[in-house]
Every structure is written in structure tokens, then in C-alpha cells.
Amino acid sequence: MKLTDLTLYQAFKRAADANPNATAIYYFSTKISYGKLDAQIERMASILQNDYFVSKGDTVLISLPNIPQTIILLYAVNKIGAICNMVHPHTPMAGMQKFYNESNCKVAFLLDRKVYKQINDYKKFDGNIVLCDIQTYFFDKALRTVYDLASKAQKRALSTNTRFNFYRKFKTNKTPSQEIVLTHNEPCVLLHSASTTGESKTIMLSSTPFNYTAELTPEIMCMSEEELIGKPLISILPSFHGFGLCMSMHAPLVNRMGIVLIPKYRPSQISRPMRRIKVCSCICAVPTVYKTLISDNGFAKNKYIKNLCSCFSGGDSLSSVIKENFDNLMVKHKSKCRLFEGYGLTEVLSVSAVNTHAHHKYGSVGYPLKGVSFRILDDDGNILEPNKIGEISIKSKTSMIGYYNNPESSKNVYENGYLRTGDVGYIDEDGFVYFVSRKKRVIKVSGVAVFPNEIESVISRLSFVKNCCAIEIPDEKTIHAVKVFVVASSEDKEKIIDQCKKNLISWAIPKEIEFVDKLPYTKYHKVNFEKLQLEENKKRGI
């Protein structure tokens, strides 16, 4: 049976049955085998089905970092035919209540320390809450004791409130769970995204996109199925992100690679398991992670870097400086690993085009994966020729079922079977995809379209620039102009202007540059250019 014919749980179960003694999860000093993980999944499936009366089509909210409970719940919920509603752990209580209510959740699994920080608010939460902690699956008793002592006051405060239940205190239900299979037209996961229009929407995904992407893992890694087995992937990206849930969790488990769970990113959390495990094959992360890794001695001087095969960047544009510095570090360690950029969005779950060892071109976001078709469309929906800039559209087996409770938007986002992404880019004559900007971020200067993402990329190549963000400002002569906020170690406007003049059309050269200590970020760890634009408009009385 093909992988795409299976549910999420069935795909994992097949891998677990093939080698139950192999390590599925590396978590601090803990190793959890596929067999033990499968047993924990069955235990949780039984508890959900028999104690919480979760049945087919019901929704379970999961708002946790990368800890074993996240994986266990993903497959347990799927096994009993329910839906996982994956929510950012930093979401305030009011937002959590909104997500809980909107999808009629039966129970919410939340991190104890997050609830503790908002305990007075959560006392008013309307719904079932189960609290999970970081240390439940620490098999090192001494390490667990340290964490327990550190959270003693927190646990006391939470345990005195009878409305909270605790994952660690669950008793095994002796009644086995009954597997309920969701069809490929039924949602199994809900993810939250800014959508193709910039408006917050909930995206429904079936098992098919996850399993189809997992099936392509050998192609993405440029390794055979046999070569992948036993070479774990370091899982930094969070489960509420399609890239993280699929490529950093489900895909490696299904391919019997195993995963190294990192609940909170720090460079040391990467370098330590690399030294301990020695054969880590891959890292999937956002550009800022790679930027910090390059400058961290624990990583940069780690001799087991040589065992990395490929690393992938997504979630934001990868600057040429970060890629070059990372690749140079790999060369220094005589590793074949290179940092490759990919492209995707939540509506198509994860990666749709990616650079690999087999297909790569500098500056592009990759070559379309097998079974994925790209088109570039103009404003009227006409297909553009190679190298013509327009809206990126995708047709893929990984496409979403639709937006939750929003049939109108679900229908409008497609044109002739192609999902209009709201992103601007082009395809070259060899079929490689290039991302230019988000469609709504195009700035018209004297009627000429300039792209903030391109401006930011050019400025970021300067060694003293740490980060930057371009927005639109009014101009008497050109109607609109460009302003750039820059985080840098040196306030050298002249060098920035010279860099722009060398690399950009004249309309894209910033009229104003403002140096700032930091830039605002969204909860998805992307620069919040909308907030900067609103603040600038307010300052100018617009």
C-alpha cells in the first residue's frame, strides 16, 4: 500500500512495526524507541477516546513546544479519527479561548509554564485543559528532579486549581482504543496562517499532503530510502508551522530517520545532541537560526558537522550572506552538506519547490518537487512567459481541503485548479522558481513596482547590517518612496545607499533610512512589516 493511501497514524505505525527497537525520538538524554512511542500513542488514544469521549470529527487543541507529548498526541488523535488543532504556545489566553471555541474543541493540551504565567486568566477558561511539562519524558531522574524543583511553586499553584488536569498524572485506561480511519477528503489537522491575502485564516489539511511530502523525502535529501534509516533530523521548527509539523516531525519518523526534539532553540541545543548522536543528517530551520549557528563556537567547531547531509531554510527569505557563510563552514569541515532554500506556504502544507544537491540554482527558491506544478500569472489570470514577474500559483497533491468555515475564500483562492499564493515571483527558462515579494508589499514608485524583499536582501548583504525592513512612505514627486529601518553595528547610511545603487533600480533606492535597536516580529518569527508601516503612517498623520 502506498504511503498516500494511509492516515498519519498508519504511516507512523508502518515505520514502527518495521523496526520497533530503533530510536524514534532523541530528547535531551532520553531515547524513545519506535515501539515504546507506539505504546504511548495507544495509551493516549485510549485515554482520549474512553475518558474524554473524543470521537470521529472532534477537535483536540495542541499548543505545545517540541516535546514528546506533541508527537504522541498528533498520532493518538489521528488514530481515533479526531482533528488536531495546532496552536502557537505563546498565544494569550483570549486567543487560545478563541481557537478552542471556533473549532469546538473537546480538550486542550497546554504547556504548564505558559498557563502559570496567565493563571488568573486561565481560571476563567471555558473548556477542558490538560497541562503538559517539559520533563515528563526525562528518563534521567536527576535531570527530572532539577526541573521539578525549579517548577515546584508553579506546580503547587496549578495543582490547587481543580479545573486543570495533568498529563503526567494520567492513569492508563485498560480499554483499548478503536482505530477510526479518516478519508482523504476529511481534515485531520488545522493550522493557522496569514493566508494568501494577509488575513488570518484556519487551514484544513488531510493526511494526504503530509504523506505525499514524506514520500518525497528521499528526493529532497538526495538519498535512498535505505540511506535515510537511522539518520535523525534535528527538529527545531514548531509543530504549529506546516514546515515544522511535516518536514521536521512526520516525514523523518515515517522514513525511520528519527527526530531530535528541541523544545526551545539555543545554539547549544543543536551542538550537544550532534556530539552525542554523531550521525544527525539534517536541520530544517528559519534563516535566523542559521545566522546564530554560524557564529556559535559550539556548532562551528563541532567535528560532527561533517555528518550533516543537507540543511534547509524556510519561513523567510534566506540572505546570500547567511548561505555563503554556512556553506563555507561546511566546506571547512569537509562536509558535503549545503544550506538549501525552499518555497512553500501553509495552504500547500510545506515545501513545494526546493534546492537540493541534484537541482539547485543560486538565488532561486528551488526546483518544483515531483507532482508539483507552478505557474506565474498576471492580474488577469494569464500565464506569463519565463522570467516575467507575476503571482506565483501552485497545483499540488499537498493542497489544503480549504479554509475552515470559509467556503467563499476556499473557492476564490483557486484559479483553474491552481492556488494563487499572493506571492510575487517568476520561473526561469530551466524551471527554477524565484521569490520576489509578497504581493501586497509591492511599492509603486512613479508607477514602477519595487519589491521590499529585494531591497532588504540587498542591504542585508552588508556585513554590519543585522536586519532590515523596507516600507512605503509618501513623496511629493513620486507619490510613494521607500524607507528602510535598519538594525546595524554601524550607522553608515552612505554605504547602504551605495550598495542599493549598485544592485537596485533607481526607484528602489531608499529615500529614508532609520537606524533602530530592534525590529518587531510576528508570533511566527517574521519581521512585522505591517506594524512598522502602521506606526510610520501614524507618525506622518496618514
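Guide: This is a predicted model. Let us begin with helix H18, whose buried residues are Pro 452, Asn 453, Ile 455, Glu 456, Val 458, Ile 459 and Ser 460.

Visitor: Why does Glu 215 count as partly exposed?

Guide: The relative accessibility of Glu 215 is 35%. Buried means under 20% and exposed over 50%, with partly exposed in between; at 35%, Glu 215 therefore counts as partly exposed. The residue is found in helix H9, residues 207-215.

Visitor: Which residues form the negative surface patch?

Guide: The patch is formed by Asp 5, Glu 215, Glu 225, Glu 226 and Glu 227. Asp and Glu count as negative. Helix H11 (residues 225-228) supplies the largest share, 3 residues.

Visitor: What makes strands S2 and S16 edge strands?

Guide: The open sheet has 9 strands in the order S2-S1-S11-S10-S12-S13-S14-S15-S16, with mixed pairing. Strand S2 (30-33) and strand S16 (367-368) each have a single partner strand, so one side of each lacks a neighbour in the sheet.

Visitor: How do you know that strands S13 and S14 pair?

Guide: Pairing requires at least two bridges, and 3 bridges join S13 (residues 310-313) to S14 (residues 339-344); the two strands therefore pair, and they run parallel. Ser 313 stands opposite Glu 341 in S14.

Key
Residues are numbered from 1 along each chain as its sequence is written. This is a predicted model: local features need pLDDT of at least 70, side-chain atom pairs count only at pLDDT 80 or more; totals for chains, interfaces and linings use all residues. Side-chain values use heavy atoms; hydrogens and water are left out. Buried means under 20% relative accessible area, exposed over 50%, partly exposed in between (1.4 Å probe, protein chains only). Helices (H or I, at least four residues) and strands (E, at least two) are DSSP runs, numbered from the N terminus. Patches are made of residues with over 30% relative accessible area and no salt bridge: like charges are joined within 9 Å, nonpolar side chains (Val, Leu, Ile, Met, Phe, Trp, Tyr) within 5 Å. Accessible areas come from the Shrake-Rupley method with a 1.4 Å probe; for residues, only the protein chains shown count as cover. A salt bridge is a side-chain nitrogen of Lys or Arg within 4 Å of a carboxyl oxygen of Asp or Glu. The place of a charge is taken as NZ of Lys, CZ of Arg, CG of Asp or CD of Glu.
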